[in-house]
Amino acid sequence: MSSFVYAATRTPFGKFNGSLSGVRPDDLAAHAISALLARTPDLDPERVDDVVWGNANGAGEENRNVGRMAGLLAGLPVSVPGTTVNRLCGSSLDAVHIGSRAIESGDADIVLTGGVESMTRAPWVLPKQPRPFPSGDVTAVSTTLGWRLVNPRMHPEWTVSLGEANEQLQQKFGISRERQDEFAARSHRLAHQAWEDGFYDDLVTPVAAPRGADPLTSDEGIRPGSSVEKLATLQPVFRGDGTITAGNASPLSDGASAVLLGSEAAAGTIGATPLARIAGRAAYALAPQDFGYAPVEAANLALRRAGIGWEQVGAVELNEAFAVQSLACLDAWKVDPDIVNTRGGAIAIGHPLGASGGRIVGTLAKVLRERGERWGVAAICIGVGQGLAVVLENVEAS
């Protein structure tokens with residue numbers, strides 16, 4: 001049995017402390033679910049077998065199981081269950097993996113997948129002390145991004161910052177600052193052009209901001225005027241002599257994405273024809289500090305499981321956590337850069353951790369149809385040394 005993508009949507013991705021900063025993550029997730037169901041009006045919500053939702057934080061307003069919370073807030077029947085999966089940056093792509101496996105095994109017919117992150121609203125946490133009522137100060141720890149409350153038994157080389165890990169990757173592969181800045185400028189240029197072309201009009205659902213502010217209708221972080229010359233003026237962030245800047249790395253972001261999966265037989269129930277078949281998927285892991293390179297073998301393994309090679313791939317959506325790790329992956333795959341992130345990437349669009357996997361799946365399904373290509377790969381790197389990938393087959397081109 002095969003599983004298929006039937007519909008996909010996402011919110012615009014907002015900047016850290018930007019237009020979506022007043023929107024709770026469970027409300028963002030509920031908005032994405034409601035928007036997805038609105039795109040399939042013939043589907044009786046009672047027929048949804050499960051909600052599988054990605055989220056990397058869970059410590060705040062997500063209330064731990066944001067998948068269930070969002071389903072209830074979106075008005076799904078209380079009989080529709082919901083779970084939340086956390087594979088950090090790959091959480092919503094993992095949700096697609098899990099949902100598609102449930103369908104292919106016969107355990108489900110229709111699964112609503114997706115993910116959410118409000119990095120703005122991620123809480124500060126206070127660790128519990130060994131003994132009650134400490135007399136000294138206690139430090140609150142931000143849960144926005146990266147390591148926190150690290151176990152002292154973890155090897156120090158594993159727990160370097162995400163940026164330092166990618167500076168190490170830069171050293172290993174010799175990827176220049178100029179290449180990184182060129183890649184980043186391309187991301188902004190293509191994302192801006194995609195919005196100008198109307199590509200995202202039917203993929204993105206505006207979000208009404210609270211307190212009477214204007215709705216957010218498009219991705220907030222895109223800088224149309226970005227150029228290699230402007231990016232070259234930015235200072236390195238993680239090393240004084242480093243190459244990674246705020247301009248060639250993805251920003252902190254807020255947003256949600258949703259992907260409706262179903263079996264072939266579910267087409268009548270959903271009232272729609274499938275967009276793409278999930279042909280292969282894989283997870284892969286390296287040492288934690290090498291996380292940026294983990295998509296390489298994740299995608300290679302997913303392609304082997306799909307029974308095809310890179311020479312047959314016509315479109316790639318690779319989440320741009322950092323320009324350097326994206327370029328390292330593309331160099332390893334030896335793919336034509338012109339088929340990669342043709343409608344912009346996370347450096348421009350944003351990277352709300354739990355939502356990015358769903359974004360690249362939805363974008364890939366549409367790009368395959370737009371370009372008339374049969375096969376595509378969506379891949380993402382994940383902190384602590386992991387990568388995920390999925391292979392889609394355009395059912396119109398099969």
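**Figure 1. Helix 3 of the predicted model, a mostly covered helix.** In this predicted model, helix 3 (residues 91-104) is mostly covered, with 10 of its 14 residues buried. The buried positions are Ser-91, Ser-92, Leu-93, Asp-94, Ala-95, Val-96, His-97, Gly-99, Ser-100 and Ile-103. From its first C-alpha to its last, helix 3 reaches 20 Å, close to the 20 Å expected at 1.5 Å a residue. Just after the helix comes Gly-106, which takes a positive phi of about 90°.

**Figure 2. The protein chain as a whole, shown as the setting for the other views.** The protein chain contains 11 helices and 12 strands. Its radius of gyration is 20 Å, close to the 21 Å that the globule rule gives for 398 residues, so the chain is as compact as a globular protein of that length. Along its principal axes, the C-alpha trace of the protein chain spans about 60 × 55 × 45 Å, and buried residues make up 56% of the 398 residues. Where contacts in the protein chain join residues at least 6 apart in sequence, 79% of them join residues at least 24 apart.

Figure 3. Helix 8 (295-306) is mostly covered, nine of its 12 residues being buried. These buried residues are Pro-295, Val-296, Ala-298, Ala-299, Asn-300, Leu-301, Ala-302, Leu-303 and Ala-306, and the elements they pack against are strand 9, strand 10, helix 9, strand 11 and strand 12. The end C-alpha atoms of helix 8 are 16 Å apart, in agreement with the 16 Å that its 12 residues should span at 1.5 Å a residue. Gly-307 follows helix 8 and has a positive phi, near 80°.

Figure 4. Strand 10 (residues 313-318) is mostly covered, with six of its six residues buried. It pairs with strand 11 (residues 375-382) in the parallel sense over five bridges, and within this pairing the bridge partner of Ala-315 is Gly-376 in strand 11. In soluble globular proteins, nonpolar side chains tend to be buried together. The largest nonpolar core here has 43 residues, and those with the most contacts inside it are Trp-310, Val-313, Val-316, Trp-333 and Val-391. At least two residues of this core come from each of helix 4 (162-173), helix 5 (177-197), strand 9 (276-285), helix 8, strand 10, helix 9 (323-333), strand 11 and strand 12 (386-394). Apart from this core lies another, of 39 residues, including Ala-8, Val-96, Val-111 and Ile-349. With residues up to four places away in sequence left out, Val-316 touches Trp-310, Trp-333, Ile-339, Val-340, Asn-341, Leu-364 and Val-377.

Figure 5. Leu-392 lies in strand 12 and counts as buried, its relative accessibility being 0%. Phe-173 is 219 residues from Leu-392 in sequence, and the two are 29 Å apart in space, C-alpha to C-alpha.

Figure 6. Asp-219 is placed in the loop between helix 5 and helix 6 (228-231). Its relative accessible area is 5%, under the 20% cut-off, and Asp-219 is therefore buried. A polar atom of the Asp-219 side chain lies 2.9 Å from the backbone nitrogen of Phe-13, and a polar contact of 3.0 Å joins the side chains of Asp-219 and Trp-195. Leaving aside neighbours within four places in sequence, Asp-219 is in contact with Arg-10, Pro-12, Phe-13, Trp-195 and Ile-349.

Figure 7. Thr-144 is found in the loop between strand 7 (141-142) and helix 4, and it counts as buried at 13% relative accessibility. Its side chain is joined to that of Ser-142 by a polar contact of 3.1 Å. Not counting residues up to four places away in sequence, Thr-144 touches Phe-16, Met-119, Ala-122, Leu-252 and Leu-353.

Notes: Residues are numbered from 1 along each chain as its sequence is written. This is a predicted model: local features need pLDDT of at least 70, side-chain atom pairs count only at pLDDT 80 or more; totals for chains, interfaces and linings use all residues. Side-chain values use heavy atoms; hydrogens and water are left out. Buried means under 20% relative accessible area, exposed over 50%, partly exposed in between (1.4 Å probe, protein chains only). Helices (H or I, at least four residues) and strands (E, at least two) are DSSP runs, numbered from the N terminus. Two strands pair if DSSP finds at least two bridges between them. A nonpolar core is a set of buried Ala, Val, Leu, Ile, Met, Phe, Trp, Tyr and Cys residues joined through side-chain atoms within 4.5 Å. Contact means heavy atoms within 4.5 Å. The expected span of a helix is 1.5 Å times one less than its number of residues. A polar contact is a pair of N or O atoms within 3.5 Å; within protein, one must be able to donate a hydrogen and the other to accept it, and residues adjacent in sequence count only if both atoms are side-chain atoms. The radius of gyration is taken over C-alpha atoms; the globule rule is 2.2 Å times the number of residues to the power 0.38.
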